[in-house]
Amino acid sequence: MKRKTFLRAGLATLSIAAMAAMSACSGGDSGGGEAGGSGSETIALGFSQVGAESGWRAANTKDIQDTLTEENGFKLSFSDAQQKQENQIQALRSYIAQGVDVLAFSPVVETGWDAVLQEAKSANIPVILTDRAVDTTDDSLFASFIGSDFVAEGQRAGDWVVENLGKDLKVVELQGTTGSAPAIDRKEGFGKAIEGTDIDIIDSQTGDFTRAGGKQVMEGFLNSHDDIDLVFAHNDDMGLGAIEAIEAAGKKPGKDIKIVTIDAVKDGMQALVDGKINYIVECNPLLGEDLAEIAKKVVAGEAVEKRIVVEDAAFTQEEAAKVLADRTY
Ligand code: GYE
């Protein structure tokens, strides 16, 4: 996949990973099969997914399931938490009880993970975070975090607005899930970009990263404000919901009200090409390959990068038209 920068290697990771490697080799609890050609044991990996809230999430799930296969040396247990933290904690606890070799999850919100992460650590099961960060003071509770820089994504969206749409605008913001890393960070990044301009966020509410949520919140915004210049949506799906609301109100999305979103999934890119969205910052959902690589390393007791930042692109309407046909998700 498109590459990234490696920030720092975690020393704490090595000790957890080394213990995990020992238990993976000695225990018969990992499925026991030989990974094709490599001669190593199959790795039992328990993955707790956020949910199925967006096109991005569907692409992310498919990529993880297509990559962590038996041929690739994995026995994947996968569960969908329906955007509820308690479901994720329950799934992680059940994987710990099963004695998987490694845990991976995309945390729905940032806080509240210390207890379950501590339980994983006590069971010598390393944890890999994918996509979203956790807010913890103890870095030894996870081995590695693979995902995009969400602050940079928000800032890139804001920079484009400042440079291309002018410095005096009234903006409504469709936020992602309250308390989630992408919602917190994209808001912060966009805020930085518009600092010192007359671009004002006149209203901001969560649409929970869903199309239905985006539509509903946008209907409310349109009822209470008649001077909206721009919608900043934290993902494509909420932007697509906003398009429906704007059209239903008899206005033209992309013209009467401009729209900037983040993700660049196929439906979003199509709306960009159709002129209904004005700019999209990409968030790459294809994290499976990195997850497989890091999981193999931690289970083998090798040191891994503590933070892997996935690289993202960004698209104008003209740029989207050139790549749309080749977009696989
Ligand atoms: O942007 C959104 C999804 O965490 C980066 O979650 C992910 C976000 C993505 O629901 O579409």
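Strand β4 and strand β5 (residues 127-130) are joined by three bridges in the parallel sense, where pairing takes at least two DSSP bridges between two strands. This is a predicted model, in which local features need pLDDT of at least 70, side-chain atom pairs count only at pLDDT 80 or more, and totals for chains, interfaces and linings use all residues. Residues are numbered from 1 along each chain as its sequence is written, and side-chain values use heavy atoms, without hydrogens and water. Helices (H or I, at least four residues) and strands (E, at least two) are DSSP runs numbered from the N terminus.

**Around β4**

- In β5, V127 is the residue opposite L103.
- Helix α4 (residues 114-122) carries the chain from β4 to β5 in a right-handed β-α-β crossover (clockwise from the first strand over the helix to the second, with the strands pointing away from the viewer).
- Strand β2 (residues 43-49) also runs parallel to β4, with four bridges between them, and G46 sits opposite L103.
- In a regular strand, side chains alternate between the two faces of the sheet.
- In β4 (residues 102-105), V102 and A104 point one way, L103 and F105 the other, and all are buried (under 20% relative accessible area, 1.4 Å probe, protein chains only).

**Where two helices meet**

- Helix α2 (residues 55-67) and helix α10 (residues 288-299) have axes that come within 8 Å and cross at roughly 45 degrees.
- D63, I64 and T67 of α2 make the contact with G288, E289, L291 and A292 of α10 (heavy atoms within 4.5 Å).

Key:
Buried < 20%, exposed > 50% of the residue type's maximum accessible area, 1.4 Å probe, protein only. Axes fitted to C-alpha atoms, helices over the stretch in contact; angles between N-to-C directions.
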